[in-house]
Structure formats: C-alpha cells, structure tokens
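Please look through the sequence and the model below before reading on. The paragraphs that follow take the structure part by part.

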Amino acid sequence: MKKAVIYISVIAFALTSCSGDGKKSESAKAEKVTKEEWKVASSMFGVLPKTAPNPENPLNDTKIELGKLLYFDTRLSNEGNISCNSCHDLATFGVDNKTTSPGDTGEFGERNSPTVYNAALQFTQFWDGRAKDVEEQAIGPILNPIEHAMPHEKAVIDRLQEVAEYAKLFKKAFPDQKNPVTYQNVGNAIGAFERTLLFPSRFDRFLAQESNAYLLSAKEAQGLRDYQEAGCVTCHSGNMFGGNMYQKFGLYGDYWNLTGSKKHDEGRKDVTGKEADKYLFKVPTLRNVTKTAPYFHDGSVAKLEDAVKIMAKLQSNKDITDEQASNITAFLGTLTSKIPAEITKAPVLP
Ligand code: HEC
Ligand code: HEC
C-alpha cells in the first residue's frame, strides 16, 4: 500500500513538472554529470593549486605566523579600531558582507570588500588591478585614510617596535636582514599568510578524478550546463573561475542601469588614465561567491541569482530564466571552500 502511494506521487510529480512551458520540462530532465561532460569541465576549469608561491617572498613558518598576527592586529590602524580582519573576516569567508566597509574613522569606502581566501592566486589584486600581488596589496590599506588611516610608514614601524615580541618574530621571519622591521616586510609577512589561505571545494574533488563525476546533484549539474551555455566561461574560467583577466563591465549596456549603482565607477581607467580602460574591472573569482554577498565592485546587488541574471544580460546579451539563474547559483555553491576552524581564530602575541 505504502509503495503504491509513493509510485503515484512520483508519477504525479513527474506529470506536474513536465507540464507548463518547455523550459520547465527541460529541467525536469536534469541529470547528473556524464563522463563526457566531466571531461569538458575538467579541460575548462582546474583544481585549486596547493600553493601560491612568490619567489620574491619565500614562505617560512614564522613569517606566516607573524603575518597572521599582523592581519588581526588593530595596532596597524590609527585609532586602533580596525584590522584587516574587520573587513576580510576569516570566519565569514574573508568578507564583511557589507555593501562597502567602514574604516578606522567610521567613514565608508566606495568599493565592496573582496574575499582574501584564494586571492593570492589571482593575476592582480583589487577590482581595478592596482596592486600586482598580495604583498604589494597589503601595505595599501594601512596608509589609506579611510581604511587603517595610519599617517605614514614610520608611524607603523614605531608602533611595532614598541612590542618586543614583534622584533623577535621579524628577526626570525627574515633571518638574512639586519633591520627586518620594515614597512615592506609588514607586507611580506601579511602576504605570506595570505598565500596559505587556499582551501578547495567540492568542485575540486569533482574535477580531480573522472570517477567523481557523481559528486554534483542533478540541479548543480544542470547549473554547470547553464553556466557554459550562458557564456560565463568566456571570463570566469580556469582554476579560479575568474581572477585571470580584465573585462569591461557592461559589454551590452551601461551596468548602472541594471545594478542601480549611484557612482559610475570607471574601474581600471582610474589607474592607467587610458580611455580604453574605461569600465574595465578584474573578472572576480567565483570561488566562495555564494558566501560573499553583496555583489559587484560596489556591492550594489544583494542576491546572487540577480547578479547572475545581470551578468548574462550585460556580458553575454542573454535573458536567462529564473530557473537557469537558480541552477547556476546551485552550481556556484559547489565552489565553496571547506575552511578549517583554527584558521579563523584570532592569534595571541606570544
Ligand atoms: C575598511 C575595510 C578594509 C580593511 C581594513 C582592509 N581592506 Fe582589504 N579591501 C577592502 C576593499 C573595499 C577592497 C577592494 C578595493 C578596491 O578594489 O578598490 C579590498 C581589497 C583587498 C584585497 C584584494 C582582493 C582582490 O580580490 O582583489 C586583498 C588581498 C585585501 N584587501 C587584503 C587586505 C589586508 C591584508 C588588509 C590589512 C592590511 C586589508 N585588506 C584591510 C577593504 C578593506
Ligand atoms: C565578458 C566577461 C564576463 C562574462 C561573460 C561574465 N562575467 Fe561575471 N563578471 C565579469 C566582470 C568584469 C565582473 C566584475 C564586475 C564589477 O563588479 O565591476 C563580473 C562579476 C561577476 C559576479 C560578481 C562577483 C562578486 O564577487 O561580486 C558574479 C556572481 C558573476 N560575475 C557571475 C557570472 C555569471 C554567472 C556569468 C554567466 C551568466 C558571468 N558572470 C559572465 C565578467 C564577465
């Protein structure tokens, strides 16, 4: 008897989900990834590398430990109100989930805080690529008047030198240098720590071996197909699903008409002064994207499904359905890193 009820409800479900428009019945057919599709996906994307080395800043354990201390230390802000972790909270996927972030004085910046997880692997840092790597990036916010707001490099060094333990750690982290407590080395240490913030996702396990093709649900598999069909792979590909090129935001229209952005941020043009770079932004990584709302360089869009639809329209000139946006969002959920709890804990100066 019980069995019959189940059969009937399965049939009823199949009938209802096949009725309606053509698009609905398409998704009812959604199937898990085939081996053929796995092959295509593994040629298009890539497993997260285990390391992100920088030959100019070789890692050692003390440098990484020092970098983590500095990352969490409010001494690096003028009034002592903020640290890197305030805007890039390691416990919330390396972001603060705010549209834009308040700095040391409470004043807000104009851009949304991107995640620091896996960031070291990108070809450049910041939305407009104005820092070449995480080492160079890290020393930017400390002197930025609406971020850490320190007046000058010497003020940072003076503060760190007051802490005997820091002097010891700098010496050990940079053993060949006579005076290792330098502003540059603050960036090197924080950068070294950031180079360890690489955490793979279920999609990496999926890609790693053909026998893992079953690891995506039918909906996620359909999302992977929809992602390819909507042309997202043109820009968000490789092992970071982005982070490897600049592109114009708004290839098929002004972005602010769809995002509602108040400011018409010109992106990379602000850095180079070139007209050709107007509205160019770094294609962001989509790793952890389901956790890093709100979206776009100014945090103008709250929901990922909406950001996905806007992307399809502005970048590929496609009107995708709610269902396709929902499938793509489900697929993007497989890119969430598994983050060990200990990495998110604030360290204590020894
Ligand atoms: C007040 C908030 C705030 C603080 C504090 C802050 N950041 Fe940021 N961070 C941002 C914003 C906003 C951006 C994007 C700015 C842009 O692209 O113009 C950013 C960008 C970055 C990026 C680039 C990521 C990418 O995908 O391009 C990294 C890495 C980073 N910050 C690390 C740090 C580190 C390390 C510190 C501490 C020294 C720090 N941040 C302090 C808000 C903050
Ligand atoms: C022609 C290149 C291009 C294509 C195609 C493209 N994107 Fe983007 N994508 C970008 C750029 C550039 C940005 C950064 C825009 C900004 O905020 O300034 C971006 C931003 C995003 C964001 C916001 C991420 C964040 O952290 O805020 C998401 C989500 C996204 N894209 C998903 C997609 C999806 C899904 C597709 C396919 C429907 C797609 N993109 C197609 C270039 C592209």
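Contact here means heavy atoms within 4.5 Å. This is a predicted model, in which local features need pLDDT of at least 70 and side-chain atom pairs count only at pLDDT 80 or more, while totals for chains, interfaces and linings use all residues. Residues are numbered from 1 along each chain as its sequence is written, chains are lettered from A and ligands numbered from 1 in the order in which they are written, and side-chain values use heavy atoms, with hydrogens and water left out.

Begin with the overall division of the protein chain. Its domain assignment gives domain 1 (27-48 + 200-335) and domain 2 (61-198); such bounds come from an automatic or database domain assignment. The C-alpha centres of domain 1 and domain 2 are 28 Å apart. Where they meet, 27 residues of domain 1 are in contact with 23 residues of domain 2.

Helices (H or I, at least four residues) and strands (E, at least two) are DSSP runs, numbered from the N terminus. With neighbours within four places in sequence left aside, valine 134 is in contact with Ala119, Ala120, Gln125, Gly191, Glu194 and Arg195. Between valine 134 and glycine 191 there are 57 residues in sequence, yet the C-alpha to C-alpha distance is 5.0 Å. Valine 134 has 1% relative accessibility and counts as buried. Buried means under 20% relative accessible area, exposed over 50%, and partly exposed in between (1.4 Å probe, protein chains only).

Next come the ligands. Which residues come nearest to ligand 1? Of the 27 residues around it, these are Cys84, Cys87, His88, Phe126 and Lys282. A residue is near a molecule or strand if one of its heavy atoms lies within 4 Å of it. Oxygen atoms of ligand 1 make polar contacts (pairs of N or O atoms within 3.5 Å; within protein, one must be able to donate a hydrogen and the other to accept it, and residues adjacent in sequence count only if both atoms are side-chain atoms). An oxygen atom of ligand 1 lies 2.6 Å from a polar backbone atom of phenylalanine 126, and a polar side-chain atom of arginine 130 is 2.8 Å from an oxygen atom of ligand 1. The shell around ligand 1 has 12 nonpolar, 10 polar and five charged residues. Ala, Val, Leu, Ile, Met, Phe, Trp, Tyr, Cys and Pro count as nonpolar, Asp, Glu, Lys and Arg as charged, and the others, Gly among them, as polar.

Ligand 2 is surrounded by 24 residues, the closest being Cys232, Cys235, His236, His297 and Met311. By class, they are 17 nonpolar, six polar and one charged. A nitrogen atom of ligand 2 is 2.9 Å from a polar side-chain atom of histidine 236. Helix α15 gives the largest share of this shell, six residues.

Cysteine 87 is buried at 15% relative accessible area, and cysteine 235 is buried at 13%. The whole structure has zero disulfides, a disulfide being a pair of cysteine sulfur atoms within 2.5 Å.

Finally, look at the backbone. The loop between β2 and α15 holds proline 294, and the peptide bond from alanine 293 to proline 294 is cis, with omega near -10°. Asparagine 288 is in the loop between β2 and α15 and has a positive phi of about 65° although it is not a glycine.
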